[in-house]
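This report describes one protein chain for a reader who is new to structural analysis. Please keep the sequence and the model in view while reading.

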Amino acid sequence: LMAVKELGRRYLKHHVNEGTDLSRSDLICDYLRYELLGEQQEVFAVLCLDAQLRKIHFKKLFYGSINYCSISLNQLLRHVLHHQATAIVIAHNHPKGVALPSNEDHQLTQDIIQACALIEVNVLDHLIISTESSFSFAEHDLIHVKSQ
């Protein structure tokens with residue numbers, strides 16, 4: 001299984017380079033699944049995209065425990081600004097659980113959306129990846145910008 005994962009990772013790294021069009025949600029989900037699957041602890045990552053939804057940069061920003069990962073909005077925004085992203089997809093894994101969002105996941109998503117709105121960056125989705133499945137906030141109509 002590890003060899004299959006490594007082959008998939010190599011395939012995606014070869015085919016999903018900077019500038020690759022990731023405008024389809026299935027491409028983004030597949031890419032993030034290969035990046036986060038197999039992690040033994042919870043990992044929070046960000047995929048930076050340009051205005052044409054092409055990949056600028058991907059990074060695993062924060063590492064946590066088996067079922068929790070603390071993030072810094074400050075560091076997240078600095079990373080997004082550094083790469084001059086106009087849109088992002090955030091993602092984290094549930095290494096030993098199901099891909100369903102907790103109340104904390106919902107609140108974190110809204111906090112990130114609000115913070116990114118201040119710097120004119122669009123949050124396209126928040127994906128949760130588990131070994132069995134994935135969960136998309138956008139597909140479940142859970143990406144909302146709170147009015148100010």
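## The nonpolar cores

Which of the 20 residues in the largest nonpolar core touch the most other members? They are Phe 44, Val 46, Leu 76, Val 80, Ile 88, Ile 112 and Cys 116. A nonpolar core is a set of buried Ala, Val, Leu, Ile, Met, Phe, Trp, Tyr and Cys residues joined through side-chain atoms within 4.5 Å. Buried means under 20% relative accessible area, exposed means over 50%, and partly exposed lies in between (1.4 Å probe, protein chains only). Two or more residues of this core come from each of β1, β2, α3, β3 and α4; α4 gives the largest share, five residues. In soluble globular proteins, nonpolar side chains tend to be buried together.

Cys 116 touches Leu 77, Ile 88, Val 121 and Val 123, when residues up to four places away in sequence are not counted. Here contact means heavy atoms within 4.5 Å. Another core, of 15 residues, lies apart from the largest one and includes Phe 58, Val 89, Leu 127 and Ile 129.

## Basis and confidence of the model

This is a predicted model, in which local features need pLDDT of at least 70 and side-chain atom pairs count only at pLDDT 80 or more, while totals for chains, interfaces and linings use all residues. Residues are numbered from 1 along each chain as its sequence is written, and side-chain values use heavy atoms, with hydrogens and water left out.

The term pLDDT denotes the predictor's confidence in each residue, from 0 to 100. The protein chain averages 86, and 82% of its residues score at least 70. Confidence is highest in α3, at a mean of 97, and lowest in helix α1 (residues 2-15), at 63. Where pLDDT is low, the predicted coordinates should not be read in detail.

## Overall architecture

The protein chain contains four helices and five strands, in the order α-α-β-β-α-β-α-β-β from the N terminus. Helices (H or I, at least four residues) and strands (E, at least two) are DSSP runs, numbered from the N terminus. Of the 148 residues, 45% count as buried. Among contacts between residues at least 6 apart in sequence, 69% join residues at least 24 apart.

The buried residues of α3 are Leu 76, Leu 77, His 79 and Val 80. They lie on the same side of α3 because they cover an arc of only 160° around its axis; the arc is that of the directions from the helix axis to the C-beta atoms. These buried residues pack against β1 (43-49), β2, β3 (87-93) and α4 (103-118). The face turned away from the buried side carries the exposed residues Arg 78 and His 82. Just after α3, Gln 84 takes a positive phi of about 55°.

## Two individual residues

Gly 64 is placed in the loop between β2 (55-63) and α3 (73-82). Is Gly 64 buried, exposed or partly exposed? Its relative accessible area is 23%, so Gly 64 is partly exposed. Leaving aside neighbours within four places in sequence, Gly 64 is in contact with Gln 41, Glu 42 and Cys 69. The C-alpha atoms of Gly 64 and Val 43 are separated by 6.2 Å, although these residues are 21 residues apart along the chain.

Gln 110 lies in helix α4 and counts as buried because its relative accessibility is 13%. A polar atom of the side chain of Gln 110 lies 3.4 Å from the backbone oxygen of Leu 142.

Notes. Polar contact = N/O pair within 3.5 Å; in protein donor to acceptor, adjacent residues only side chain to side chain.
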